[in-house]
Amino acid sequence: MSIKAAITGVNGFLPEDKLTNSDLEKIVETNDEWIFSRTGIRERRILKGENLGTSYMAAEAVKGLLKKTNTKPEEIDLLIVATVTPDYFFPSTANLVCTQVGIPSIGSFDILAACSGFIYALSTGAQFIESGRYKKVVVVGADKMSSIVDFTDRTTCVLFGDGAGAVLLEPNEDGLGLIDFRMHSDGTGENHLIMKGGGSKYPASHETIDNRLHYIRQEGQSVFKFAVTKMADTAAEIMESNELTGDDVAWLVPHQANKRIIDATANRMGIGFDKVMMNIEKYGNTTAATIPLCLFDYESQLKKGDNLILAAFGGGFTWGSAYIKWAY
Ligand SMILES: CC(C)(COP(=O)(O)OP(=O)(O)OC[C@H]1O[C@@H](n2cnc3c(N)ncnc32)[C@H](O)[C@@H]1OP(=O)(O)O)[C@@H](O)C(=O)NCCC(=O)NCCS
């Protein structure tokens, strides 16, 4: 049987500080009823502390992962971080994480695919295992969204939170692991969801700061329409090509942007809500971290051989899905 890349451990890190809907009522004109009914979010975590960036949360998640899986830092062959909130443009957050964890001189890099980042990074990392090139690959999804959220814009500041999740990939010859994946993108998404300032097109200047270009801007309704269709489409397409029915799927692991989008995806897949991993209520949208954080929260309920469908939609636009047979 061919080598598959199996997740053999998962860990998460969430900052302690909570920002509840009632806290937000004191910052912008909003209320718990609006936020919860439109999104499913009650609270989110915020990373506080001077000069702590995404790498801090990612490194904490990886340190715990190595401990949990009894893995030494020097055994890791490759580390990939999916993020839209890197500490810096360069060096990459993955480079910084390796140093903070004590992983010596391996290849490490970041992947930018916004809320689909973890599926992109997982699919990429898996290739190195499947080819036989590497034995232990760490894939992280981490975002400090509070660093790019405009806390005067009620249409976005209620949606996002900070967090990190990490998985270990190892070879499996019993047919368990990543069975299939889909990745998609459409750059016209820049018109609807973007952080415009600070890149090579609009480098940081007084003007970009005055115009608040270093924050996320989103046209919620247009993004919603794309997300609700594309996330359901990609989940359905991977099920169809692998001849899976709703009954065959043990869990949907959806990106946590909006409970209404998740419900629509589950409906399209023909699966009950009891099979849907959900933690949006506690953490909000942590971008690349939502899927590994779901796996972390539900780890004890997973069984060897369970069929999992991962599905995400995000900025870019990007969207994608993965079919995993759980390995432990
Ligand atoms: C953002 C989102 C929750 C907004 O919900 P919505 O039902 O589309 O709401 P609308 O944008 O139509 O706004 C409805 C009204 O609520 C108001 N509103 C917006 N944010 C509000 C808030 N936080 N509190 C109270 N009222 C708010 C709007 O101003 C608008 O008022 P108006 O009718 O007087 O103009 C929803 O569009 C969404 O989830 N979009 C997709 C997000 C996503 O998936 N992103 C991709 C991954 S990052």
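How far apart do the C-alpha centres of domain 1 and domain 2 lie?

A: This is a predicted model. The protein is divided into domain 1, residues 4-175, and domain 2, residues 179-325. Their C-alpha centres lie 14 Å apart. The contact takes 46 residues from domain 1 and 43 residues from domain 2.

Look at the domain 1 side. Strand 1 (4-13), strand 3 (43-45), helix 5, strand 6 (137-144), helix 6 (154-157) and strand 7 (162-172) each supply at least two residues that touch domain 2. By type, this side divides into 22 nonpolar, 15 polar and nine charged residues.

Now take helix 5. Helix 5 covers residues 117-130 and has 14 residues. From first C-alpha to last, helix 5 reaches 20 Å, close to the 20 Å expected at 1.5 Å a residue. Helix 5 is mostly covered, with ten of its 14 residues buried. Among them are Phe118, Ile119, Tyr120, Leu122 and Ile129. Gly132 follows helix 5 and has a positive phi, near 90°.

Next, the core. The largest nonpolar core has 105 residues. Val62, Val97, Val140, Leu252 and Ile309 touch the most other members. Helix 3 (residues 54-68) gives the most to this core, with eight residues. Both domain 1 and domain 2 give residues to this core, so it lies between them. In soluble globular proteins, nonpolar side chains tend to be buried together.

Finish at Ile309. Leaving out residues up to four places away in sequence, Ile309 touches Ala235, Ile238, Met239, Val249, Leu252, Val253, Met269, Ser321 and Tyr323.

How values were computed
Residues are numbered from 1 along each chain as its sequence is written. This is a predicted model: local features need pLDDT of at least 70, side-chain atom pairs count only at pLDDT 80 or more; totals for chains, interfaces and linings use all residues. A nonpolar core is a set of buried Ala, Val, Leu, Ile, Met, Phe, Trp, Tyr and Cys residues joined through C-beta atoms within 7 Å. A residue is buried if 20 or more other C-beta atoms lie within 10 Å of its own, exposed if 12 or fewer, and partly exposed in between; C-beta atoms are placed from the backbone. Helices (H or I, at least four residues) and strands (E, at least two) are DSSP runs, numbered from the N terminus. Domain bounds come from an automatic or database domain assignment. Two residues are in contact if their C-beta atoms, placed from the backbone, lie within 7 Å. The expected span of a helix is 1.5 Å times one less than its number of residues. Ala, Val, Leu, Ile, Met, Phe, Trp, Tyr, Cys and Pro count as nonpolar, Asp, Glu, Lys and Arg as charged, and the others, Gly among them, as polar.
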